[in-house]
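These are my notebook entries on a structure that I had not examined before. I record what I looked up, entry by entry.

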Amino acid sequence: MEKPITSFILFKDTKWLCKTAVSLRKSGVVERIVIVGGEDPRGATCCPDTSFLLSSAPASTAAVRDMATLAATDYILVYIKAFPLQVGQFALQRMLQVCDNTDAGMVYSDYFENKDGQLTAHPVIDYQEGSLRDDFNFGSVMLFKTSAFREACREMDEDFMFAGLYDLRLRISERHPVVRIPEMLYTEMEPDTRLSGEKQFDYVDPKNREVQIEMEKACTTHLKRINAWLKPEFRDISFDAEEFHFEASVIIPVRNRVKTIGDAINSVLSQETDFSFNLIVIDNHSTDGTTEKIREFSEKDDRVIHIIPDRHDLGIGGCWNEGVFHEKCGKFAVQLDSDDLYIDSKVLDRIVKAFHDQKCAMLVGSYKMVDFNLEDLPPGLIDHREWTPDNGRNNALRINGLGAPRAFYTPVIRQIRVPNVSYGEDYAVGLAISRKYRIGRIYEPLYLCRRWEGNTDAALDVNRINAHNLYKDRLRTFELMARKKLNKLDKNLS
């Protein structure tokens, strides 16, 4: 009986390579194993009956095209880690079965994770149209239908060094289902034992900039193919549309941050401006002394507006709505998290000036990562330079956040409103604003972002991370639908 799979596996260490090769052979459905790497390891006794694909960039377009050429079977399996893989009982048969039954171009599955000898379940999330992140977690094993793989390769019109696999996945998803199997079908080793809060800024690390540029190109051409790309054309905005008593309001939603809220408030009250501003603190029913700490400030300084909502069902987004719809909210609503503080006394002045100079409906600054004692942490400055005037609104659909601190022209954010959630609410608003309006940027650091054990995202478990990612993917799906509709309307009117 013909075996239907050609497997491509990365080479890094001979011992680990052998374990993976043995596991794949035992499955009974792998016809050929191709080792992908910068050097040929087949002199090792454990690597007989294998082929070799010379590539120092296994995620490149060239490597992907070579895989399509080498595969003489109906299916292609790609294992993207260089650590040992243990295939589960009849796991590859199950992947073949689902791929055939669903006419999928690609299938992937949940898996077990081996960290320091401890085996834990690692579910992944379903793929949807808005799953545009280049770091979407498919796990390390992906099974492709060879015909869909080759079809995508034939249409590739740019040679990427880093974004070849990403480009492949996007192209396949345009014509074929990408299907998750919610079953633990294999075990992979996980050498990265950092906490979630340490990993989440990898994509903005300056050393990854070259990779990010390629990923942006691949995503942008995908958006053009599906008619969701937006030209750099924006609605004009007038800051004289409404009267405000205050030029700016800093808004701080807070719950149980007695250790940090005082620093945050002091950093606002120390701002030096030639315009009037206030601070609106939405205290979401704190129980640890935060309420009393805020009250100390509000009783001494009438610029501090202390709000305790009547509702008990508000997330961070709902608290933001309490602030921006308050009668004393200023023309510009400026974000500050209760853990953080402005970097100096001129931040508000720079933000308001940037609004007027850049004629934007939303402004995003930059920040420095620090620990609780305000000592610098890697990667240091987070400036989100992937946001460019020409393509930022499109690239926003690929990345997992827009940066901080964020500030809004109040009439616009009142029109859109903020989703009543405690994760991704800022991203949802930013996507919606970018669909129509210009988003301005300040690339110098405006505040210090504290990373400490008290942060809500410091050490999330896999289920919480998946819930967060699934929600942001859903936001992107909503936004893609809106942008397609907008482009269709514009085409009909032209």
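At what angle do the axes of helix H2 and helix H4 cross? I worked on a predicted model, and there the axes of H2 (residues 61-70) and H4 (residues 146-155) cross at roughly 135° and come within 10 Å. On the H2 side I listed Val64, Arg65, Met67 and Ala68 as making the contact, and on the H4 side Phe149, Arg150 and Cys153. By class, this contact of H2 with H4 has 5 nonpolar residues, 2 charged residues and no polar ones.

I stayed with H4 and looked up its packing with helix H5 (residues 164-175). The axes of H4 and H5 are 9 Å apart, and the packing angle is about 115°. An angle of 65 to 115 degrees counts as roughly perpendicular, and H4 and H5 are therefore placed in that class. The crossing of H4 and H5 is right-handed. H4 contributes Ala148, Phe149, Glu151, Ala152, Cys153 and Glu155 to the contact, while H5 contributes Leu168, Arg171, Ile172 and Arg175. I noted the classes in the contact of H4 with H5 as 6 nonpolar, 4 charged and no polar.

Next I turned to helix H14 (residues 425-436) and helix H15 (residues 462-493), whose axes come within 10 Å and cross at roughly 15°. H14 and H15 are therefore roughly parallel to each other. I recorded the crossing of H14 and H15 as right-handed. From H14 the contact takes Tyr427, Ala428, Leu431, Ala432, Ser434 and Arg435; from H15 it takes Lys472, Leu475, Arg476, Glu479, Ala482, Arg483 and Leu486. The contact of H14 with H15 holds 7 nonpolar, 1 polar and 5 charged residues.

What does helix H1 pack against through its buried residues? I found Leu17, Cys18, Thr20, Ala21, Ser23 and Leu24 to be the buried residues of H1. These pack against strands E1 (5-10), E2 (30-37), E4 (75-79) and E5 (85-87), and against helix H3 (91-102). H1 itself covers residues 14-26 and reaches 18 Å from its first C-alpha to its last, close to the 18 Å expected. Just after H1, I noted that Gly28 takes a positive phi of about 85°.

I then looked up Ala333, which lies in strand E13 (residues 332-335). Ala333 is buried, its relative accessible area being 0%. Beyond its neighbours within four places in sequence, Ala333 touches Ser249, Ile251, Trp320, Val324, Arg406, Ala407, Phe408 and Thr410.

My last entries concern the backbone. I found a cis peptide bond between Pro378 and Pro379, with omega about 0°; Pro379 belongs to strand E16 (residues 376-382). The bond from Ala404 to Pro405 is also cis, with omega near -5°, and Pro405 sits in the loop between helix H12 (392-395) and strand E17 (406-409).

Is His384 buried or exposed? His384 is buried, at 5% relative accessible area, and its place is in the loop between E16 and H12. Its phi is near 45°, a positive value in a residue other than glycine. Asn256 is not a glycine and has a positive phi of about 55°. I located Asn256 in the loop between strand E10 (248-254) and helix H8 (261-269), and Asn256 is partly exposed, with a relative accessible area of 24%.

Notes
Residues numbered from 1 in each chain as written. Predicted model: local features only at pLDDT ≥ 70, side-chain atom pairs only at ≥ 80, totals over all residues. Heavy atoms only, no water. Axes fitted to C-alpha atoms, helices over the stretch in contact; angles between N-to-C directions. Helix = DSSP H or I, 4+ residues; strand = E, 2+ residues; numbered from the N terminus. Parallel < 35°, antiparallel > 145°, perpendicular 65-115°, else oblique. Left-handed = near helix turned anticlockwise from the far one by under 90°. Contact = heavy atoms within 4.5 Å. Nonpolar A, V, L, I, M, F, W, Y, C, P; charged D, E, K, R; others polar. Expected span 1.5 Å × (residues − 1). Buried < 20%, exposed > 50% of the residue type's maximum accessible area, 1.4 Å probe, protein only.
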